[in-house]
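Reader: I would like to learn how to read charged contacts in a structure. Can you take me through some cases?

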Amino acid sequence: MLKKCLKHEWKACWKNMALLNGVAIFMGALGGFGFLFSHISELPDLLIVLYLFAYVLIVIAASVMTQVLMIQRYYKNLFTDEGYLTNVLPVSATDHILSKMLVFGAWSILNALSVLASFAFLLLPSAIRYFTANTLLFYNKTMTFSDFLSYLWAQITGVADAAFSLIGITNHIGMALFSIVGFFASLFFGILLFYAAISIGSLVSSHKILTAVLSYIGMTTVIQIFGGISIVRVFQDSTPTAVVTTSSVSTLIITVVLCVVLFLICRYILSRRLNLS
Amino acid sequence: MSELVTCKDLTKRFGNHTALDHLNLSLDSGKIIGLLGPNGSGKTTLLKLLNGLLTPSEGEVLIAGNHPGIETKRIVSYLPDKMYLGSWMRVSDLLTYYSDFFEDFDMSRANAMLESLKISPKDRLKTMSKGTKEKVQLILTMSRRAKLYCLDEPIAGVDPAARDYILSTILNNYEPDASILISTHLISDVENILDEVIFIQEGQLKLHASVEDIRMQEGESIDSYFREVFKC
């Protein structure tokens, strides 16, 4: 059933999400190609200011609305009138939560990629034009655009290498895997925190949204306090390597445990304490 | 006939208000049952408990021997008194949705009913009137070959001409071994199709009897008898 849930969850969300993120990419491309085919000095200042204002607004709105719409989807689909269909499907609470969480996660990643693509569309055309019109002298060397990108990549990896060797990490593949796991754990933790707050809000007969907001604030505060205490304890360790590895590993373990706890809270409420008003 | 629904001391409280109060009830399969009672008597609460949309405060409800859950949702088809369909959907999306999730969904039956009511599968819900949306919801509910149909006010929002079609739809589209539980205030419209009636008042069972027995013993229609029992 999870596959079917995912299919219909994606179908219900993709149009709004694609529109939001598509507009962000389009705005970047509009600016990028606009600057490419005209000289900035020839454009009226007001037009540039208005465009940049609209661009920043749209990119921020795309990110915020992606989160807001996906949070709203969980609430509307399970705890309002739509829940009268969703909750009578022969589907387990686990499948409902997992499908919503995975689609939310996918759109969060796609939103980040859209914002990156939007920046790239905005900046790359002008950068390419610059490099084709001029040769860049860098440390007395002439650089093409591809040379510049290679140089940039080498600098980034160089800084990362230096940071890793400073704290004594030599296994880069392990570090990369650890980072990927950490990324997904924190992504799903963020989503499940919203879901758990909404589920707790559904337990009261009135002021459900207010209760959800207060639950979110309460849970975040408690997690921050206990998370802070555990990190402070780790810092009592003396070597930088031990501090970084212990704090990273303990943060990951805590995040994964919290994901499981929040997931179980959602599942319990949905399967054992559902009360649609 | 076997016992399809069992309620044992079923109680549901909302804060200080008791919507259902230690209700004991058993329903057999193969019957059309009218769930009747004044406003706020607990009819919708009972239907929601049967569908797992509410959690009992006390007691239990069993459908074919199971507590409401995945197993019971496979065999119960529910029509709530709310518009539960996403307005962004087309009718064709809903048909796919139902056939994906409900193994007992009969697509050809749904298409035949849509055609009779001149509703195109391409129509979007947001362009439909409230009455048409209710018809779509009823078609989806009755297109399942379920063991139990729970219909909450299925004819309240439609015009009298459509009521006849809906009632004949209900009559013609359920399996002989299935039961239909209909909650309604429009008793005179439905009483001719009912086998049994349940009267509920203030969350308690007032009467559970066959329509034939009531007519024989009281010498009046169910509508008249209801008015007499619940006279204000």
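Reader: Is Asp100(B) buried or exposed?

Author: Buried means under 20% relative accessible area, exposed over 50%, and partly exposed in between (1.4 Å probe, protein chains only). Asp100(B) has 16% relative accessibility, so it counts as buried. This is a predicted model: local features need pLDDT of at least 70, side-chain atom pairs count only at pLDDT 80 or more, and totals for chains, interfaces and linings use all residues. Side-chain values use heavy atoms, without hydrogens and water; residues are numbered from 1 along each chain as its sequence is written, with chains lettered from A in the order in which they are written.

Reader: Which side chain does Asp100(B) meet in a salt bridge?

Author: A salt bridge puts a side-chain nitrogen of Lys or Arg within 4 Å of a carboxyl oxygen of Asp or Glu. Here the partner is Lys7(A), at 2.6 Å, N to O. The pair crosses between chains, from helix H1 (residues 2-36) of chain A to helix H3 (residues 91-101) of chain B. Helices (H or I, at least four residues) and strands (E, at least two) are DSSP runs, numbered from the N terminus. Lys7(A) is partly exposed, at 41%.

Reader: Where do Lys130(B) and Glu134(B) lie?

Author: Both are in helix H5 (residues 130-142) of chain B, four residues apart, about one turn of the helix. Lys130(B) is exposed at 56%, whereas Glu134(B) is buried at 17%.

Reader: How many salt bridges are there over all chains?

Author: The whole structure holds 15. Glu9(A), Arg73(A), Glu82(A) and Lys100(A) are linked in a network of them.
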